[in-house]
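Please look over the model below. My notes follow as numbered points.

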Amino acid sequence: MKRLSALVLLAASAAAAFCQEPNKQLQGLEEYLRQQGFSSYREQSSTWGKGITHKLGAGFHFYITDNPPMHESMSQEQREKAVHVNDSLNAQRRRIMACGLDSIRRTFALLGAEAAESHLYEYHQFGTDTIRYSLVFPQEMEEVMPDSFCFRDPEIANFYYHRYKDTKGDGGIVESATLSHLITVPSGIRRGDMKAFDITAFEALILPELKPLMKKKGAKVYPVHWQHDAGFDDEVGKGLMYKTTSWSSPESEENLHTGLTTGSHYFIPIKHEAEATALCQRLYSLTLDYVNSHPEQCYNYEFMPPHFPYPGELYEVVRGDNRMGSNGYYLCLMKDKEGFHILSLREKGERWVPKDWQKLESYINGEKTYLKGMEPKEEKK
């Protein structure tokens, strides 16, 4: 215990001594894009012996069509209004993308002079556009432990843009832009001193926050049991499931793609939205405090998106590494029209998630057991 405490203190001092601010011009660009309407994300992770990696990014993706959906029952006035709304939306999207591309071009061009590596590529022909930019800023060798030196991973920025005509649909235009920015700060912890994510300690931290809201009317706690055994013919391709491969399950002939996910599903009805939103914010904050206090544990933390921008999407707060024979861990949140869903999960092998997981008590090789009152009408007895 004393040795671990010393390692954590050393990591904190090393981070303070060697922490380098991400490139300020890139930070300014990311903030500008967010204000313009680009979606943004920010992650940090503790990796085996490398330090704390910070990943920031922004993206803007859309489909433009001159043929908005029409119904036979629509009047001429309604049709004209639909066309007007569609044209206005298209113009807004083009304006956002144009402003973003202009700022990204100028920033990457300016920073190219001070970068160790700079790659700027553009291709434009007959309405098809491709842009690829990259910048690499090397970091100097640092003393991360007494009498121990290493070269720090470089700070990297990449941008990709693609515009093309959709030949399979109604002939609309697809535009997609993605910016990513990566920097790693040494933690001062050697690879051999890294630990698996401490699930027991972390759950002991967050469970007291969950208990008070479980007393609210309509709030429930459900078991989670998602099982995928070797040889089971899944239906991921048909959209009935999706899967996330765990860190301990590399693609190989020996990997049978088995997985067992267990844990708890906490549900808070939408009528308690204010309290549930505050709870989600506390969970993000507590989790960030925990991982910052435990750089010796392997994790990936995703910063909270503003106000659940995509209802019905499962947001991963933290993913705990399951190396060294331990279980993996996931804390996930979701908001839909029914309410708020909080998942505290442990996994062995791969994580296979049924599409309608929020209604299930268990999913075992395709066999579903629904929660009481949530059975599909055709399956009710």
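1. Gln25, Leu26, Leu29, Tyr32, Leu33 and Gln36 of helix H2 touch Ile96, Cys99, Gly100, Ser103, Ile104, Thr107, Phe108 and Leu111 of helix H3. Contact means heavy atoms within 4.5 Å. By class, nine residues in this contact are nonpolar, five polar and none charged. (Nonpolar: Ala, Val, Leu, Ile, Met, Phe, Trp, Tyr, Cys and Pro; charged: Asp, Glu, Lys and Arg; polar: the others, Gly among them.)

2. This is a predicted model; local features need pLDDT of at least 70, side-chain atom pairs count only at pLDDT 80 or more, and totals for chains, interfaces and linings use all residues. Residues are numbered from 1 along each chain as its sequence is written, and side-chain values use heavy atoms, leaving out hydrogens and water.

3. The whole structure holds twelve salt bridges. The criterion is a side-chain nitrogen of Lys or Arg within 4 Å of a carboxyl oxygen of Asp or Glu. Glutamate 175 pairs with arginine 163, closest N and O atoms 3.6 Å apart. Glutamate 175 is buried at 6% relative accessible area; arginine 163 is partly exposed at 22%. (Buried is under 20%, exposed over 50%, partly exposed in between; 1.4 Å probe, protein chains only.)

4. Lysine 216 and glutamate 275 form a salt bridge at 3.5 Å, N to O. Lysine 216 is partly exposed at 31%. Glutamate 275 is partly exposed at 32%.

5. Where does histidine 228 sit, buried or exposed? Histidine 228 is buried, at 3% relative accessibility. Beyond neighbours within four places in sequence, histidine 228 contacts Asp234, His257, Thr258, Gly259, Trp352 and Asn365.

Conventions: Helix = DSSP H or I, 4+ residues; strand = E, 2+ residues; numbered from the N terminus.
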